[in-house]
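Subject: Structure for you to look at

Hello,

I am passing on the structure we talked about.

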Amino acid sequence: MAADTTAAEAVARLAADRVDHRFKGLPPDAEGLTVGELAAQRRNLFTDGFTTPVLALSAEGLRHNLRLMETYAARHGLAFAPHGKTSMAPQLFRRQIEHGAWGITLAVPHQVRVAREFGIRRIFLANELVDASALRWIAAELAADPTFRFVCYADSVRGVELMDAALRGTARSVDVVVELAAGEGARTGARTEADCAAVADAVAATSTLRLVGVAGYEGEVPDATGDRVRAWLRRLTALAADFDRAGRFEGLRADRGADFEDVDGIIVSAGGSAWFDAVADVFAELPELSLPVLKLLRSGAYVSHDDGHYRRLTPFTRVPEEGALQPAFRLWAQVVSRPSAEQAFANAGKRDAAYDLDLPTAQVIRRDGTERPAAGVTVTGLSDQHTWLSTAPGTDLRVGDWLGMGLSHPCTTFDKWQLIPVAEPDGTVTEYVRTFF
């Protein structure tokens, strides 16, 4: 309870930060207010001084997406550690945990430090960690906080040796899962089951590491199809069963028998944002093992979803009876130039919008308090601070109009904004989400 209270207090302290030049899009006359004071004013995004470009999150969309994934995970018997690198927003981490998340997945040591600063008690690092300084810091966190649970990948004997060397003499062992690669030429992970066994043997030979399961990322399966992804996931679950039969989790069993609070059982983990339906299907087939199994899903993009890449790839398009995520981002820019009947420019660019997977899409035009669809307006490119717009003949688009755009790829949207207003459907801003990249 004390740790939960501390986490809530740490998030609450974000409201004491002062509004100033660091934060794009906020009303200039809010300078000097605290974030909490500005939120309490419940200003309107369109009429109360916000400047363009400004990124907004839909309060309604966030609520819906958080509830939907909580329900989905529970329905399929999955634990959930959403990938925090998507938003790096402790307020959203907190809400994800309140909606049933086991913990938060992260990718690099800096992200772990942010999560710990805001009281996250369970962290799954989806990477092999061989940085000696970071390992010693994590060891100190584990020693200082008996409630802290940390798990990371191991995918090589060399990596295990480096981890062991950095951790010798520390009070608590670091939990690792062996990462199985998604195929030849895929990103990281031990390439074969024999390679995985060698990594597990190396872990067993240390006193600083504890083998707690297996993991991987099905999004890296080459030329992914449902059948190929499921075939790889069955390799992953078979690896867990093989390790169990070989007694590789005996150390975990002994600790569980000692009633250690930090033992959940054998971890089997996968799950990006494109194939979590396949993960649910295959994990449901996992045979009974000698210990309970924590079937850990790690999808992260769901919290905001998007209007491009993940809208196309989300499993909810394949299983619509499970529900549907809502795109929660909208980038508002203003038309600043209309040099011809076929062309216009808005004042948002690569500094403001994700563009690594898809360009933004023009959705609505706002003028004099009225919104209408952005029919005839197409985003054709981005400069650093301009959106290039093509307009069909007869398109009613004027200098001064606000253009609302949908974005693709949340992971490269959140990182462009330090403080993001969260707006209700009528434009009332009820809170501000702080990011740490």
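Which residues line the largest cavity? They are Ser273, Phe276, Ala301, Tyr302, His305, Tyr310, Thr314 and Leu325. By class, 5 of the lining residues are nonpolar and 3 are polar, with no charged residues. The space in this largest cavity comes to about 40 Å³. The count of cavities of 30 Å³ or more is 2. Keep in mind that the model is predicted.

The pockets come next. The largest pocket has a volume of about 480 Å³. Its lining is made of 27 residues. His83, Lys85, Arg187, Tyr217 and Arg298 are the lining residues that lie nearest the centre of this pocket. How does the lining of the largest pocket divide by class, and how many residues are charged? There are 11 nonpolar and 11 polar residues, and 5 are charged.

The second largest pocket holds about 410 Å³ of space. Here 20 residues form the lining, and Ser58, Ala328, Arg330, Trp332 and Pro425 lie nearest the centre. Two strands, S1 (54-58) and S10 (329-340), each give at least two residues to the lining of the second largest pocket. Sorted by class, the lining of this pocket has 10 nonpolar residues, 3 polar and 7 charged.

Regards

Technical notes: Residues are numbered from 1 along each chain as its sequence is written. This is a predicted model: local features need pLDDT of at least 70, side-chain atom pairs count only at pLDDT 80 or more; totals for chains, interfaces and linings use all residues. Side-chain values use heavy atoms; hydrogens and water are left out. On a 1 Å grid over the protein atoms alone, a cavity is a set of points where a 1.4 Å probe fits but cannot get out, and a pocket is an open set with protein on both sides within 12 Å along at least five of seven lines; lining residues have an atom within 4 Å of a point. Grid points are joined across faces, edges and corners, and a volume is the space filled by probe spheres set on the points. Ala, Val, Leu, Ile, Met, Phe, Trp, Tyr, Cys and Pro count as nonpolar, Asp, Glu, Lys and Arg as charged, and the others, Gly among them, as polar. Helices (H or I, at least four residues) and strands (E, at least two) are DSSP runs, numbered from the N terminus.
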